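This report describes selected local features of one protein model. The sequence and structure are shown first, and the notes follow by topic.

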Amino acid sequence: AVKASKGPVYVHCHGGTHRAAILAGLYRIWAHGWDFNRTAVEFGTLGGDLKGDHEMLVRIRKYAESL
């Protein structure tokens with residue numbers, strides 16, 4: 001759906017627990033070739049909780065390292 005879109009895509013987590021931001025980070029790594037550090041900085045800059053979402057961020061780092 002994101003690739004087929006001709007404009008910005010809005011992603012929102014119903015529970016408001018940063019899952020949408022985690023998906024956006026994974027997309028940055030997968031589609032744009034970002035490394036984990038750049039992704040984590042954007043996540044934190046946009047309001048993500050680097051400490052509270054540590055477990056999800058560890059999973060993103062492992063994914064980025066597997067590419």
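## Largest pocket

In this predicted model, 23 residues line the largest pocket, and those nearest its centre are Val11, Ala20, Ala21, Ala24 and Gly25. The volume of the largest pocket is about 590 Å³.

Two helices, α1 and α2 (36-45), each provide at least two residues of the lining. The most comes from α1, which supplies 8 residues. Sorted by class, the lining of the largest pocket holds 12 nonpolar residues, 9 polar residues and 2 charged residues.

Helix α1 spans residues 19-32 and includes Trp30. The relative accessibility of Trp30 is 49%, so Trp30 counts as partly exposed; the class of exposed residues begins over 50%.

When neighbours within four places in sequence are left aside, Trp30 is in contact with Lys3 and Tyr63. Leu50 is 20 residues from Trp30 in sequence, and their C-alpha atoms are 20 Å apart in space.

## Aromatic and charged side chains

How many aromatic pairs does a search of the whole structure find? The search gives 1 aromatic pair. Its members are Tyr27 and Trp30, with 6.0 Å from centre to centre and 50° between the planes, a tilted arrangement.

Tyr27 and Trp30 are 3 residues apart in helix α1, so about one helical turn separates them. Tyr27 has a relative accessibility of 28% and therefore counts as partly exposed. Trp30, at 49%, is also classed as partly exposed.

A charged side chain is placed over a ring elsewhere: Arg61 lies over the face of Phe36, 6.0 Å from the ring centre.

Is Ala64 buried or exposed? With a relative accessibility of 17%, Ala64 counts as buried, because the class of buried residues covers values under 20%. Ala64 belongs to helix α3, which runs over residues 54-66.

Not counting residues up to four places away in sequence, Ala64 touches Ile29 and Phe36. Phe36 is also the residue whose ring face lies under Arg61. Between Ala64 and Thr39, which are 25 residues apart along the chain, the C-alpha separation is 9.8 Å.

Definitions and conventions
Residues numbered from 1 in each chain as written. Predicted model: local features only at pLDDT ≥ 70, side-chain atom pairs only at ≥ 80, totals over all residues. Heavy atoms only, no water. Helix = DSSP H or I, 4+ residues; strand = E, 2+ residues; numbered from the N terminus. Buried < 20%, exposed > 50% of the residue type's maximum accessible area, 1.4 Å probe, protein only. Contact = heavy atoms within 4.5 Å. 1 Å grid on protein atoms, 1.4 Å probe; cavity = no way out; pocket = protein on both sides within 12 Å on 5 of 7 lines; lining within 4 Å. Points joined across faces, edges and corners; volume = space filled by probe spheres on them. Nonpolar A, V, L, I, M, F, W, Y, C, P; charged D, E, K, R; others polar. Phe/Tyr/Trp six-rings, centres within 6.5 Å; stacked < 30°, edge-to-face > 60°. Lys NZ or Arg CZ within 6 Å of the ring centre and 35° of its normal.
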